[in-house]
Amino acid sequence: MATNEASCEQPQKRGTKDKPNGYFADSVVSERRQKDREERLALVLWRRPIITLHYFLLETFITLKEWTLKLWRRRGTAFLFLVLCSLFSLAYSTEGAHQKYVQYLEKRFLWCAYWVGLGILSSVGLGTGLHTFLLYLGPHIASVTLAAYECGSTDFPEPPYPDQIICPEAGGMEGSISLWSIISKVRLEACMWGAGTAIGELPPYFMARAARLSGADPDDEDYEEFEEMLGQAETAQDFVTRAKLGVQNMVQKVGFFGILACASIPNPLFDLAGITCGHFLVPFWTFFGATLIGKAIIKMHIQVNILVKLFVIITFSKHIVEQMVSLIGSLPRVGPSIQKPFSEYLEAQRSKLHHHTGQGTPASENWLSWVFEKVVLVMVCYFIFSIINSMAQSYAKRRQRSQQQRYSEEKTK
């Protein structure tokens, strides 16, 4: 009996002894990961510029090599694309009656590609994207709205629209502009921009889907944050984590209509939708179809409707404009200096619309437009710097993983 009791107690003692060792190993691993993450986050241009640029170039070469290998595996598709481009180039350079159609298609294609590219830049990067709605689409819709009410028509001649908006010589009837006519005028640009934001959600989807199918750990900080969020699903207390989990559960359980509902409203919690759908192996066309319809059609009409109404109310309600100008003038110290340029800016924008193509536009210097241009330039530079920092941190993570792998191999020998 004594020997049996001793033999029964021995595994329990070993288990209690191993448990702290397991906890100690887990704590060492978590501390190592935290230290590596802090080192990667410190790798930015304004702290370590030389190493950051060096790692960025190395990561660029690795990415180009991977893309070249993928392109070589799909060389049939690449060859077909080159053949189509050659045929279009031949049709473009050959004289004939078809030139006007080719030029029309080229102009439409480049215009649509421009707005799709801006939408991709706004969506890709999961929070580090360039906010092109505020910088490009919003001002474009505002200028079209201003021109429509000032000219009394949306029949802007082409050319120069959309490069430059000039009122038609015939003019239009006052009060003939409706909200729907303005939305119809900017629908193509807004739809292409919304389609670009939907395309920008695809890289996280494919990354998370490939990681789930292969079981490999992807080189992505947002995916690690997503897995940590899933691990803390039961113990989450803060509102943001619980809201993200609510969106994730809705996308996972409801499917197409859940994704459509989350994509159809201005939803900052939709950032992890691509990772969520990829992780739970949601079919591609279910995810992309719902995201495309939600962002390019439903959400686009909501945003454009609100923006046009707001701009019309602020700009063309004279008492509101007068209140805004007087409110700006009442600001201490800087009020009078801002009030005059603000009113001059609105008048200059209206006067530009009534110049004919041959006359050119008046070159008016306004410090408000100068400030806006510099803000756009700063945001574009920040976007480029964030890309460089992100790629440099990705290469640093590659190095850390290779070092950990070599260390584990040496330890097992």
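Entry 1, overview. I began with burial and noted that, of the 413 residues of the protein, 32% count as buried. I keep in mind throughout that this is a predicted model. I then looked up the secondary structure and found 15 helices and zero strands in the protein. For the contacts I took those with a separation of 6 or more, and I noted that residues 24 or more positions apart account for 71% of them.

Entry 2, helix 4 against helix 6. I turned to pairs of helices, which are described by the angle between their axes and the distance between the axes. Helix 4 covers residues 99-123 and helix 6 covers residues 179-199, and I found that their axes come within 6 Å and cross at roughly 45°. Helix 4 and helix 6 are therefore oblique to each other, and I recorded the crossing of helix 4 past helix 6 as right-handed. On the side of helix 4, I listed R108, W111, C112, W115, V116, L118, G119, I120, S122 and S123 as the residues that meet helix 6, whose own contributors are L188, E189, M192, W193, G196, T197 and I199. Sorted by class, the residues of this contact of helix 4 with helix 6 are ten nonpolar, five polar and two charged.

The contact involves W111, Y114, W115, L118, G119, L121 and S122 from helix 4, together with T132, Y136, L137 and H140 from helix 5. I counted seven nonpolar and four polar residues in the contact of helix 4 with helix 5, and no charged residues.

Is T132 buried or exposed? I found a relative accessible area of 0% for T132, so this residue is buried. Leaving aside residues up to four places away in sequence, I noted that T132 touches L118, G119, L121, S122, L137 and W193. For T132 and L118, which are 14 residues apart along the chain, I recorded a C-alpha separation of 6.0 Å.

I then looked up helix 3, residues 75-93, and found that the axes of helix 3 and helix 4 come within 9 Å and cross at roughly 125°. Helix 3 and helix 4 are therefore oblique to each other, and I noted that the crossing of helix 3 and helix 4 is left-handed. In this pair, F88, A91, Y92 and S93 of helix 3 meet Q99, V102 and E106 of helix 4. The residues of the contact of helix 3 with helix 4 divide into four nonpolar, two polar and one charged.

I searched the whole structure for disulfides and found zero. C112 is in no disulfide, and I noted that the nearest cysteine sulfur belongs to C191, 9.9 Å away.

Not counting residues up to four places away in sequence, A195 touches L292 and A296. I also looked up A195 and I297, which are 102 residues apart in sequence, and found them 8.6 Å apart in space, C-alpha to C-alpha.

L281 is partly exposed, with a relative accessible area of 36%.

Technical notes
Residues numbered from 1 in each chain as written. Predicted model: local features only at pLDDT ≥ 70, side-chain atom pairs only at ≥ 80, totals over all residues. Heavy atoms only, no water. Disulfide = S-S within 2.5 Å. Axes fitted to C-alpha atoms, helices over the stretch in contact; angles between N-to-C directions. Helix = DSSP H or I, 4+ residues; strand = E, 2+ residues; numbered from the N terminus. Parallel < 35°, antiparallel > 145°, perpendicular 65-115°, else oblique. Left-handed = near helix turned anticlockwise from the far one by under 90°. Contact = heavy atoms within 4.5 Å. Nonpolar A, V, L, I, M, F, W, Y, C, P; charged D, E, K, R; others polar. Buried < 20%, exposed > 50% of the residue type's maximum accessible area, 1.4 Å probe, protein only.
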